[in-house]
Structure formats: C-alpha cells, structure tokens
Amino acid sequence: MTAADWRAQLRLARFTLETLIGRGLGRVYRHPAYRWRFLGNTPEKLVVAPQDLRTGDPTMTADLAGGYMILAGLRVEIGQLSPFALTTAPQEWRDALYSFDWIRDLKAAGTPEAKAQATALVDDWLTHHGKPGEEGWDPYLVARRLIAWLCHSPFILDNADHSFYRRFLGSITFQARYLRYAAADLPDGGPRLIAATALTYAGLCLSGFSRFLALSTRWLDDELKRQILPDGGLISRNPGAILDMLLDLLPLRQTFTARAISPPESLITGIDRMMPMLRFFRHSDGSVANFNGAEPFFPERLATVFAYDEARGTPVTNAPHSGYQRLADNDLVVIMDTGTAPPIAVSIDGHASCLAFEFSARANRIIVNCGKPLVNVEDWRDAARQTAAHSTACLSDTSSAQFATEEWATRRVGRPIVDGPKTVTVKRQSDEDTLSVQASHDGYMRAFGVEHRRRLTLDAARDVLIGEDQFVPRSGTRSDAPFAIRFHLHPSIRVVELDDRSTALFTSDGEVWRFISNTMPHGVEESIFLADPRGARRTRQLVVSGQLRANPVVPWELKRVTDQSELETLVAAIEGISSTA
C-alpha cells in the first residue's frame with residue numbers, strides 16, 4: 001500500500017469515526033430518557049406562514065380518490081388504507097410520504113376535498129406516528145416536514161377545530177425541539193443547512209419562541225458562512241443544490257421581513273452570491289448543468305427563483321472557489337468542471353468529473369453528462385458517479401477520483417470520495433474572436449503516470465467548439481493504458497455516422513452539427529441520460545479510443561453546419577448511407 005493509499009484510508013477512518021460519533025450523540029439525545037428536553041409549553045399560536053416557492057401538482061387529489069399516491073416518481077396503490085400503514089412500500093416513496101412535501105400538491109388543487117384530505121392525513125400521522133421511535137423521525141425528514149407544515153399551515157388548519165389546532169401546534173413545537181438535538185445525526189452539507197433553516201422557520205412562526213429563534217439563527221449563520229463559497233457555489237459543488245437552497249432561503253428572508261426582524265447578514269449576502277452562480281450553471285435551454293449530484297431540473301422552479309433576482313446581471317464566467325468555468329458567446333454555452341473533489345464529509349454525492357464539460361446551443365443541449373436520476377437512485381448511484389458517465393477522458397475504465405470501497409466504511413457512511421485530483425490548473429484566454437480554457441488534473445498520475453490536459457476554445461463567429469485532449473507524462477515511465485474520450489449526447493439529438501471520423505448530430509429544432517476527429521477514428525455507442533424528471537432515457541455517446549503512448553494528443557471539434565452547400569452535401573451523404581442500409 002502506497003503512502004497515498006494510507007492517507008486515503010486515514011481520511012476515510014477519521015470521517016467514519018466522526019460520523020458515528022455524531023450519530024451516537026443524535027441517538028442519545030433522541031432517547032426516551034431525554035424526551036423531557038422536547039417537552040414544554042405549547043405556544044399560543046402561529047404568527048406567520050412562510051411562502052412555499054415550489055409549485056404543486058393538483059392531480060394528487062384525484063390520485064388519492066383513485067386509491068393511489070405518486071411520490072418520488074413511484075406509484076403505490078393504497079386503496080382504502082392509510083398510506084402510513086404501507087410499511088412494504090419502497091423506501092424512497094415512504095421517505096417522501098413522511099416529509100409531507102406533497103402537501104403543496106393538495107394545496108394546488110385548492111378544493112374542499114383537497115383540504116379535507118390534507119387535514120385527515122396530518123391527523124392520521126399525529127395519531128399513529130407522532131412520537132419519536134416511529135418511522136419518519138429521521139432528522140432530515142423532520143426538517144422537511146416542519147417546513148412543509150409551517151408553509152402550508154393556513155391550508156391544513158382551514159376549517160379545523162380547536163382540538164386539532166392545538167395538537168398540530170403542539171406537534172410542530174415538539175418536532176422543532178426534537179430536531180434541535182437530533183440534528184447532530186445529520187450528514188454535513190445540505191441536510192444540516194435544511195435543518196438549520198427549518199429551526200429558524202419554527203422560531204419565526206411560533207409565538208414566544210424568541211430564544212429558540214436566536215439559537216437557531218446563530219446556527220443558520222454558521223452554516224451559511226461555511227457552506228456558501230465566495231463565488232456563490234456550495235462546498236458540495238452541486239449546482240442543483242443551489243436552486244434547492246434558494247427555494248428555502250428566499251422565503252426565509254421574506255419571513256424575517258414579515259416579523260420585522262433583521263435577518264443575519266450571511267443570509268442576505270449568501271442569496272446575493274448564489275443568484276449569479278445559478279445563472280452561471282444555466283444552459284441555453286434554461287436547464288441546469290449536471291455535475292456532482294445535481295438532480296433532474298424543473299424549469300418552473302428556476303423561473304420562480306429568478307423572479308426574485310433584482311440584479312439580473314450577466315453570470316460570472318470564472319468560478320475558482322467552486323471549481324467551474326463557463327464559456328458563453330452568442331447562443332453557445334460551455335460549462336466545464338475544473339475543480340478538485342469536495343471535502344470528504346460532503347462528497348457522498350460527489351462525482352469523478354474533473355475536466356468534464358457540457359455544451360448547449362440555442363435551445364438545444366448537445367453534449368451532457370449522464371447526471372443523477374430522480375427515482376431508483378440507489379440502482380444508478382455508483383455508475384452515475386464514475387468518470388465514464390461524464391464527457392471527459394477515462395483511462396482504462398478507471399475513474400479520476402477514488403470512492404470508498406471498504407465494507408467497514410461503506411455500510412456505515414456510504415461511498416464518499418477518499419482520493420482524487422490534488423492539483424487542477426486553469427488558464428483562461430480571450431480575444432476578439434474566441435474564448436478558451438486550458439485546464440489539467442493529476443487524478444491519473446498515481447496509477448498511470450500522466451496528467452490529463454484539456455483545452456476548449458469557443459469560436460462563436462465560426463459556430464465551432466474546438467477541443468484538444470493531451471496525456472502528458474510528468475515523471476518516470478508512463479503506462480500504455482487504453483483511454484476513451486467520451487461525449488455523451490442529449491436524448492433529443494439524432495446521430496448519423498458519416499464515416500469513422502465524422503458524425504452528424506441533428507437537433508430537435510432542425511440544426512445540424514458535425515463532430516470531427518481528424519487524427520483518429522471515433523465510434524458511436526449506447527449511453528443513458530439519467531437527469532430527466534420522467535426517468536432514465538436511452539441516448540448515444542461519441543467515443544474516441546486509443547492508447548496513451550500512440551495517441552498523446554487528441555484534437556477534435558464540434559461545428560454547426562450553416563453553409564448551404566455543405567448542408568446539401570451532408571444530406572446527400574446521409575441519404576446515401578440510408579439507401580445502402
């Protein structure tokens with residue numbers, strides 16, 4: 001075992017120990033012997049209801065009437081039973097059920113039937129699952145449930161009797177006190193920030209909770225300062241998490257204003273930094289780039305968040321703290337990962353995607369990464385995190401970052417990133433006609449003795465993206481391992497192979513692009529696009545394969561076909577291929 005392997009093992013052991021200590025403390029605090037901590041006087045009333053910026057699906061009322069519920073993309077038949085009695089339903093579905101995020105779907109219907117369903121389901125939970133120890137008391141679910149109940153309390157309580165109102169208010173108070181102690185059990189990153197947000201909501205909404213609010217605001221302030229980077233990205237390096245966080249933090253800022261209480265400065269500045277960073281990750285079609293665990297994107301949520309962006313400025317192009325670069329000119333956008341792995345504590349969803357890129361033109365996403373699925377996450381999690389699932393170079397089917405594989409750790413803390421690129425260099429250049437980024441990483445140095453360098457040049461005037469991948473030995477003798485440079489295509493792209501060095505790509509709106517690898521052949525292989533809200537979709541990928549020693553430099557280009565004669569020649573060639581087939 002090398003010194004680097006030992007360091008990775010020590011890093012993993014320390015993280016595992018810290019996680020187990022946190023979980024142990026959380027479980028101690030949640031033990032029935034400590035239940036007195038969660039008790040106390042119930043506030044007289046809810047003084048404010050935060051706004052929920054996420055849109056709901058009004059069809060849930062009809063679904064419930066039909067005897068089923070669709071949660072986390074999964075349909076489960078419930079018949080006449082309480083959904084909380086279905087202990088054999090998939091775990092993803094049950095977690096979504098206990099979070100109560102679906103309350104917004106009933107509210108979207110806005111009918112008396114929907115109100116009755118909401119009140120009845122909350123009452124059912126209060127009756128049968130309202131004490132710790134029952135399913136659904138994971139701290140993360142408690143945080144999401146608190147936010148859902150507080151935001152939709154007027155809807156839930158409409159026409160409810162006084163007895164239900166007191167039980168509902170008592171449960172919110174109990175859950176808030178419980179979460180304050182149980183939050184030590186939460187993973188670092190987004191879950192802890194959501195818990196701090198939920199507790200701050202509770203302090204603002206419950207009358208007479210000023211001391212609770214002060215403690216919660218202090219924790220929220222600490223998490224915001226720690227998790228939001230100077231350029232507006234997050235320590236997890238997850239672009240999609242920025243959108244989710246803003247959907248919770250924007251209403252929180254409004255709630256402080258509604259209570260005439262000054263919000264922490266970190267909340268104001270954090271939102272101000274995240275807004276342009278969210279624009280940084282937006283493609284030409286309005287979608288968010290797929291890097292480091294970003295979940296499928298819902299366009300209406302992005303539009304809602306941007307409605308609160310008063311600056312509406314041009315997105316930054318260089319995000320050095322988050323580790324990303326953006327090239328954008330006219331209707332062409334390139335977004336590239338140029339960062340090291342996130343800290344081990346927030347790397348459970350991190351991907352081995354260094355130097356991967358995505359490319360879009362007009363309303364078309366062309367080059368993508370496979371992304372993270374919304375449903376069946378566990379089935380695809382490991383595959384989606386590998387370098388091969390990204391549009392970059394992969395050596396000998398090996399990822400540029402190393403994930404934990406030791407059973408003693410994985411069964412306790414999952415598979416965080418324990419090693420990866422240590423040094424990533426980035427250099428930007430621009431002139432009147434082009435924008436370019438040259439970057440390199442040493443993630444393959446230990447195993448293969450080479451540094452991967454990639455240069456991307458965007459020439460909008462010529463409608464071309466020019467790329468070059470290099471494998472540069474840094475010391476000693478490098479191996480002659482095989483490599484595959486992958487370009488995953490969006491499912492909307494139609495692919496026609498012209499020859500082994502030229503492939504035509506047809507977009508859904510009639511544009512034609514050509515991928516050209518003049519110095520060596522490339523092939524078209526099957527791929528899968530996981531980042532679709534409707535589920536995984538089959539797609540294709542272009543793959544340039546070779547050996548390190550024989551092909552140390554691989555140039556390629558992606559060019560939009562605009563010349564009429566070239567288009568006619570291309571169409572004729574395609575017709576010839578079709579007739580031969």
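Predicted model: local features only at pLDDT ≥ 70, side-chain atom pairs only at ≥ 80, totals over all residues.
**Aromatic residues**

A search of the whole structure finds 23 aromatic pairs. One of them joins Phe84 and Tyr98, whose ring centres lie 5.5 Å apart; because the planes stand at 50°, the pair is classed as tilted. This pair links distant parts of the chain, 14 residues apart: Phe84 belongs to the loop between β2 (74-77) and α3 (91-99), whereas Tyr98 is in helix α3. A second pair, Phe164 with Phe168, is stacked, with 6.1 Å from centre to centre and 20° between the planes. Phe164 and Phe168 are four residues apart in helix α8, which means that about one helical turn separates them.

Phe84, Tyr98, Phe164 and Phe168 also belong to one aromatic cluster, which includes Trp102, Trp125, Trp137 and Trp149.

| Residue | Relative accessibility | Class |
|---|---|---|
| Phe84 | 3% | buried |
| Tyr98 | 1% | buried |
| Phe164 | 6% | buried |
| Phe168 | 0% | buried |

**Contact between α8 and α10**

Two packed helices are described by the angle between their axes and the distance between the axes. Helix α8 (residues 162-182) packs against helix α10 (residues 210-227) at about 35°, and the axes are 12 Å apart. The crossing of α8 past α10 is left-handed. On α8 the contact is made by Ala176, Arg177 and Arg180, and on α10 by Arg211, Phe212 and Leu215. By class, the residues of this contact comprise three nonpolar and three charged, with no polar ones.

**Cysteines**

A disulfide is a covalent bond between the sulfur atoms of two cysteines. The count for this model comes to zero disulfides. For Cys151, the nearest cysteine sulfur is that of Cys205, 7.4 Å away; because a disulfide requires sulfur atoms within 2.5 Å, Cys151 is in no disulfide. Cys151 is buried, at 6% relative accessibility. Cys354 is likewise in no disulfide, and the nearest cysteine sulfur, that of Cys394, is 13 Å away. Cys354 counts as buried because its relative accessibility is 5%, and the cut-off for buried is under 20%.

**Thr434**

Thr434 is placed in the loop between β11 (424-430) and β12 (435-441). Its relative accessible area is 18%, so Thr434 is buried. Leaving aside residues up to four places away in sequence, Thr434 touches Gln429, Thr457, Leu458 and Asp459.

Notes
Residues numbered from 1 in each chain as written. Heavy atoms only, no water. Axes fitted to C-alpha atoms, helices over the stretch in contact; angles between N-to-C directions. Helix = DSSP H or I, 4+ residues; strand = E, 2+ residues; numbered from the N terminus. Left-handed = near helix turned anticlockwise from the far one by under 90°. Contact = heavy atoms within 4.5 Å. Nonpolar A, V, L, I, M, F, W, Y, C, P; charged D, E, K, R; others polar. Buried < 20%, exposed > 50% of the residue type's maximum accessible area, 1.4 Å probe, protein only. Phe/Tyr/Trp six-rings, centres within 6.5 Å; stacked < 30°, edge-to-face > 60°.
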